[in-house]
Amino acid sequence: RVPEHRALRELLVVARKSAGLTQAEVALRLKRPQSFVAKYEGGERRIDAIARGELCALNKQRKCRAGT
């Protein structure tokens with residue numbers, strides 16, 4: 001696994017928890033199943049560019065850009 005991918009996953013988990021959201025709440029907002037959130041947070045699923053954009057917008061993270 002690429003270190004940058006792991007760092008992005010960690011950033012998204014921290015952002016979700018800081019926002020006081022559960023995986024289920026994030027999934028509902030993204031119109032995806034909760035398992036989608038669990039799998040990318042756990043590293044079982046890679047985050048594609050579209051999902052990354054959705055997650056960054058949801059979490060309103062400025063650090064969440066390609067290459068970070």
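Contact, on this tour, means heavy atoms within 4.5 Å. The model is predicted, so local features need pLDDT of at least 70 and side-chain atom pairs count only at pLDDT 80 or more, while totals for chains, interfaces and linings use all residues. Residues are numbered from 1 along each chain as its sequence is written, and side-chain values use heavy atoms, with hydrogens and water left out.

**Whole chain.** Start with a cartoon view: the protein chain has 4 helices and 0 strands, running α-α-α-α from the N terminus. Helices here are DSSP runs of H or I with at least four residues, strands are E runs of at least two, and both are numbered from the N terminus. Of the 68 residues, 34% are buried (under 20% relative accessible area; exposed is over 50% and partly exposed in between, with a 1.4 Å probe and protein chains only).

**His5.** Now select His5, in helix α1 (residues 3-18). What does His5 touch beyond its neighbours within four places in sequence? Its contacts there are Arg45, Arg46 and Ile47. Draw a C-alpha to C-alpha distance from His5 to Ile47: 8.1 Å in space, for residues 42 apart in sequence. His5 has a relative accessible area of 8%, so it counts as buried.

**α2 against α3.** Next, show helix α2 (residues 23-30) with helix α3 (residues 34-42); they pack at about 115°, with axes 7 Å apart. Axes are lines fitted to C-alpha atoms, for helices over the stretch in contact, and angles run from 0 to 180 degrees between N-to-C directions. From α2, pick Gln23, Ala24, Val26, Ala27 and Leu30, which meet Gln34, Phe36, Val37, Ala38, Tyr40 and Glu41 of α3.

**Around α2.** Stay on α2 and colour Val26, Ala27 and Leu30, which are buried. Looking down the axis of α2, you will find its buried residues within an arc of 100°, so they line one face of the helix (the arc is that of the directions from the helix axis to the C-beta atoms). Turn to the face away from the buried side for the exposed Leu28 and Arg29. Just after α2, stop at Lys31, where phi is positive, about 60°.

**The core.** Finally, select Leu8, Leu12, Leu21, Val26, Ala27, Leu30, Phe36, Val37, Tyr40, Ile47, Ala51 and Leu55: these 12 residues form the largest nonpolar core. Such a core is a set of buried Ala, Val, Leu, Ile, Met, Phe, Trp, Tyr and Cys residues joined through side-chain atoms within 4.5 Å. Each of α1, α2, α3 and α4 (49-59) supplies at least two residues of this core.
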